[in-house]
Amino acid sequence: MQESGMGVTKGLPMEALMRCAAIFAFCFFLHACGSAAIDGTAPSATATMSGPRDTATFPNLNIPPTPAAEQISDSQKADTTSALTEARKRATSQNTTVPRNQAADLRRLARSHGDDALKLIEAEQ
């Protein structure tokens, strides 16, 4: 336990409390700076606004965009497509059997399990 000027803090060192207070003050400051004026007027024109700006020029649309990644070739596309098709065929061929209805088996197991559990409980007493 550490003693502070106002009382005893339990489990938190004074530096952690100071950090929390500083973070709270910073968040409060950010909120106060970002809010509109109290009287409901718009922010002043000197505030920096993001958005479209008039640069008095037109954009050059003749510059081709640079690709983010190298494009795959037609042979790579065909190889990948055939590999995925084969994987799909293997996956669907394994699951061709229709699962039988197991509700009756589960009910029978529940009945016998209940009887077996009661016998075990009564035997322990």
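These are my notes from a look through a predicted model of one protein chain.

**Overall fold.** I started with the secondary structure and counted three helices and two strands. Going along the sequence, I read the order as β-β-α-α-α. Then I checked burial: the chain has 125 residues, and 2% of them count as buried. The exposed surface comes to about 12500 Å², with 61% of that supplied by carbon and sulfur atoms.

**Ala-56.** Next I went through the backbone angles. Most residues other than glycine have a negative phi. Ala-56 is not a glycine, yet I found a positive phi of about 65 degrees there. I looked up where Ala-56 sits, and it is in the loop between helix H1 (14-34) and helix H2 (74-94). Is Ala-56 buried or exposed? I got a relative accessible area of 71%, so Ala-56 is exposed, the cut-off being over 50%.

I placed Phe-26 in helix H1.

**Salt bridge.** How many salt bridges did I count? The count came to one. Its partners are Asp-105 and Arg-108, whose side chains meet at 2.9 Å, N to O. I find both residues in helix H3 (residues 103-124), three residues apart, which is about one turn of the helix. I also checked how open the pair is. Asp-105 has 24% relative accessibility, so I put it down as partly exposed, since buried would need under 20%.

Technical notes
Residues numbered from 1 in each chain as written. Predicted model: local features only at pLDDT ≥ 70, side-chain atom pairs only at ≥ 80, totals over all residues. Heavy atoms only, no water. Helix = DSSP H or I, 4+ residues; strand = E, 2+ residues; numbered from the N terminus. Buried < 20%, exposed > 50% of the residue type's maximum accessible area, 1.4 Å probe, protein only. Areas by Shrake-Rupley, 256 points an atom, 1.4 Å probe, with all protein chains shown as cover. Salt bridge = Lys/Arg side-chain N within 4 Å of Asp/Glu carboxyl O.
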